[in-house]
Amino acid sequence: MAVSSDLLIFYIRQRTRREDFMRGVYENPLGSGIWWIHYYAAGKRHREKVGRKSDAIKLYQARKADAAAGRKLPELRNSKVLTLSELIDDALEFTAHHKDQRGYKSKGEIVRTALGSHPAAELTPQELERWLRTRCKTAATANRYKAFISLCYREGVRNGKVSVNPARLVRQRKEGTGRLRFLSREEYDRLHKVISKRFPEHVAEFVVSIHTGMRLSEQYSCTWSQVHFDRKTIEFTKTKNGSARAVHLNSDAIAAVESLKRPRQHPSNPVFPREGSKGRFDTRSWFQPCLEEAGISEYVWHCNRHTFCSWLAMAGASIKEIQEAAGHKTITMSARYSHLSPAHRLSVVERIASGSQ
């Protein structure tokens, strides 16, 4: 039997509408009798919990009509507003096994307190700029928080929870070269004397830190199995930059490490055991009082690494040799140590004076 063209068009339209409803109106969970709708407006996906199927179909038709006419959508019914706090939770789950997990948690709680309740989709680059400007005193700190917030949104995009990352549009601050404070030989002797008097049990770890340039995390995580006196090295399979390296020990460092050896020392025992409520990486409790007594200011434990690199440079080591000794990922990091003390720079330029010929 022949079908008229008008009837065929009507049939196609009805089928299209039914298929459209199948995509936009659905029951969740199946068999629960609870119906939801989902649709797209202004490039964003919206979901709403309705209840009965007939009500869901009516609301779906209304929302599609509003979207087609360009009308502003009303407040969504029973819809959960995704907050930045939820994105922070996802980011912390993603970084749960990262070596800087504690740093991520700290940043996460600070951002959560200030911006956590803010709808994630409504946060603008301008609002982030303002918060970073009021919260962060230095460009480096602002960049670290910007990177963390950007991580939260990247995870949100990957999980389909948000479509844009406003942190990507926040300007990157220009950072300085960083503090390159290092000890002169006279300051080193003065500080060594104070530590020997007040905290003799910490002298060895101070000497090793100065004469090897090990990172704090490397030094306080190394075990006796990694120490090789025959090769005069401490060998790490994984470091901050992700690669293995061997720390070479000079005579002062070897003497300091040997002073820590005990009979029947188990290979898995740490070379520098740490105790205390603040954790094994804490050096401030004893190092800071010694610095104050020795009259040394603007110096922290990490500056021991600067002292190591600077002393190498002043002893005539090339930038490449400093890079290898310190375990820098790039030679740019080592190039910073070409900037040395005024006394050493003067000794260099004095070499071309007429009296030195």
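A crossing of two helices is left-handed if the near helix is turned anticlockwise from the far one by less than a right angle, and right-handed if clockwise. The structure described here is a predicted model, in which local features need pLDDT of at least 70, side-chain atom pairs count only at pLDDT 80 or more, and totals for chains, interfaces and linings use all residues. Residues are numbered from 1 along each chain as its sequence is written, and side-chain values use heavy atoms, with hydrogens and water left out.

Helices (H or I, at least four residues) and strands (E, at least two) are DSSP runs, numbered from the N terminus. An open sheet of 3 strands shows antiparallel pairing in the order E1-E2-E3, where two strands pair if DSSP finds at least two bridges between them. Strands E1 (25-27) and E3 (44-51) each have a single partner strand and stand at the edges, so one side of each lacks a neighbour in the sheet. From one strand to the next, the twist averages 30°. Between strand E2 (residues 35-41) and E3, the antiparallel pairing extends over 7 bridges. Opposite isoleucine 37 stands glutamate 48 in E3. Helix H2 (residues 53-69) packs on the sheet and touches E1, E2 and E3, contact being heavy atoms within 4.5 Å. The direction of H2 makes about 10° with that of E2; axes are lines fitted to C-alpha atoms, for helices over the stretch in contact, and angles run from 0 to 180 degrees between N-to-C directions.

The axes of helix H12 (residues 303-314) and helix H13 (residues 319-326) come within 10 Å and cross at roughly 150°. The two helices are therefore roughly antiparallel, a term for angles over 145 degrees. H12 passes H13 in a right-handed crossing. On the H12 side, Arg305, Phe308, Cys309, Leu312 and Ala313 meet Ile322, Ala325 and Ala326 of H13. The residues of this contact comprise 7 nonpolar, no polar and 1 charged; Ala, Val, Leu, Ile, Met, Phe, Trp, Tyr, Cys and Pro count as nonpolar, Asp, Glu, Lys and Arg as charged, and the others, Gly among them, as polar. Alanine 313, in H12, counts as buried because its relative accessibility is 13%. Alanine 313 and tyrosine 337 lie 24 residues apart in sequence, with 6.6 Å between their C-alpha atoms.

Terms used:
Parallel < 35°, antiparallel > 145°, perpendicular 65-115°, else oblique. Buried < 20%, exposed > 50% of the residue type's maximum accessible area, 1.4 Å probe, protein only.
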